[in-house]
Amino acid sequence: MTTVQKTQVAIVGGGPAGLLLGHLLRLEGIEVVIVERASADYVLGRIRAGVLEATLTDLLHKLGINERLKAEGLPHDGFYLADGEKLIHINVGELTGKTVTVYGQTEVTRDLMDVAEARGLQIVYEAGDVTLNDIESDTPWLTYSRDGVEHRLDARFICGCDGFHGPSRKAIPDSVGRVYEKVYPFGWLGILADVPPCHHELIYANHPNGFALASMRSETRSRYYIQVPVDEDIALWPDDRLWDELAVRLGPEAAARMTRGPAIEKSIAPLRSFVFEPMRHGSLFLAGDSAHIVPPTGAKGLNLAASDVAYLSDALIRFFKSGDEDGVAGYSEKALARVWKSERFSWQLTTLMHRFPGTDAFDRRMQQAELDYIAGSRSARTAIAENYVGLPL
Ligand code: RFL
Ligand code: PHB
C-alpha cells in the first residue's frame, strides 16, 4: 500500500538548512513537508558549528525564534590568529562595526525543531529510502518508506537540504552538473567538554605540530580542535593526550588558562572544499551542504546554508505569492556568487593556518610572511574581518 500526500514544497533533510527554509516558507503560509532520514535525537547529537553570522541571527530574529539565542548567545567582536610567539588580534567589531554570535548549531536546530509543530511545519523523521522523481517537470514527487509503509509526496518544488551525502544532488544528471573539489590531507579532531573556555575569544593557532583551535559553546562549555592526519585512529587520542597536545599547540598563555575535563563528545571530521553547479535543476533546488562544503576554518558552512536559504525562501515566496518566476530562475547564480567568495575565504584561512605534509621551507616562509603582513596591516585585517562576519547578502 502507498499513501499519497500533496504539498507545495517538499524539503529533503531536516538539518539547519531544511528547518530554516521550512519555517521561512510557513511564515508566509506556504505548505511544507520535511522528510528527514534520521531521528530528531540523532540530528541533535551532531556537534558542529559554533559561530553564527548576522545573516543567520537576522533570519532567526525575523522568525521570532531567537529568545534563547538572545539570552544565551555570546556576542564576539574579535578573534586571534596565533603563530609561534605572535598573537594577532582581529578586532572584527572595530574593523567592520559588526559582531558574530557564538551559539551552537545544535541549539539553533533544537530551537527550530521545538516550534515546528505549533507553526504547522510537518517533519517526517526516520524516512527511509527517499527517492526524487520527475524533477525536470512541474510536478516532481518523492517517495520514502516509514515503518514498513511506502509513502508518496507530490509537490510543486523539491528542496534538497540533505547535506553532502544526501540523494538530492545525485538526482541531477551528470550531463548537467559540474563538481569542483579539493580534499585536504588532514582532518580536525574535536573535543567538547564542560569546562570554562581558556579565553573569551577564539584562538586559531598555526603550530609546528599542526593547527589548533580554541572555541566554546558557553561560559562553561569548551570546544577545541586539533589538526590530525586524515586517516587518524581516534583511539590514539585519549583525553589526556589531547589536552597535552592542545596546550602545546595553543601556546603557554592559553595553556596556563586551560581547564581540562572529560570529553562529552570527541570525533574526527575530514576537511574538504566542494562546490556543485548549478544549484537548481528543473523543480529541484539545492541549499546548504548538499551543494557545497567548506573546510571549517572560516566558520562558514552553516552560515552559507543560511544565506542560500535566505535567497531560496525569497524566490519561492515570490513564486507562490505573485507568480513571479525571476527569483526561482536566478537562485543558482545568486547563491553561487556568495558561495564562491566563502569558498575562497575558507580555503585561504585553511592554507594559512595548517601544516601541510610535504611542503617545504618556502611554503612555510609564505605563511609567516602573510601572517606578518596581517599583523602589520589594518587593510589586511579588515579583509579577514569582513569575510569572518559575513559578506552582505
Ligand atoms: P546537514 O546539517 O548535514 O543536514 C542535512 C540533513 O539531511 C539529512 N539527510 C537525509 N534526509 C532524508 N533522506 C536522506 N537520504 C538524507 N540524507 C541526509 C541528514 O540526516 C541531515 O539531518 O546540512 P545543512 O542543513 O546544509 O547544514 C550545514 C551545516 O551542518 C554545516 O555546513 C556546518 O555544520 C559546517 N560547520 C560550521 N559552519 C559554520 O557556519 N560555523 C562553524 O563554526 C562550523 N564549524 C562545521 C563546523 C562542520 C563541522 N563538521 C563536523 C563537518 C565544525 C565542524 C567540525
Ligand atoms: C566551533 O566552535 O565548533 C568552531 C568555531 C570556529 C570555527 C570552526 C568551528 O572556525
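Q: Tryptophan 188 and phenylalanine 211: buried or exposed?
A: Tryptophan 188 is buried, and phenylalanine 211 is too. Buried means under 20% relative accessible area, exposed over 50%, partly exposed in between (1.4 Å probe, protein chains only). This is a predicted model, so local features need pLDDT of at least 70 and side-chain atom pairs count only at pLDDT 80 or more, while totals for chains, interfaces and linings use all residues. Residues are numbered from 1 along each chain as its sequence is written, and side-chain values use heavy atoms, with hydrogens and water left out.

Q: How many aromatic pairs are there?
A: The structure has 16 aromatic pairs. In one of them, tryptophan 188 and phenylalanine 211 are stacked, at 5.0 Å centre to centre with 20 degrees between the planes. Rings of Phe, Tyr and Trp (its six-membered ring) pair if their centres lie within 6.5 Å; planes under 30 degrees apart count as stacked, over 60 as edge-to-face and the rest as tilted.

Q: OK, switching to ligand 1. What does glutamate 36 do there?
A: Its side chain has an N or O atom 2.6 Å from an oxygen atom of ligand 1.

Q: And which part of glycine 50 lies 3.2 Å from a ligand 1 oxygen?
A: That's a backbone N or O atom of glycine 50.

Q: How much of ligand 1 does the protein cover?
A: It covers 89% of the 1,000 Å² of accessible area that ligand 1 has on its own (Shrake-Rupley method, 1.4 Å probe).

Technical notes
Chains are lettered from A and ligands numbered from 1 in the order in which they are written. A polar contact is a pair of N or O atoms within 3.5 Å; within protein, one must be able to donate a hydrogen and the other to accept it, and residues adjacent in sequence count only if both atoms are side-chain atoms.
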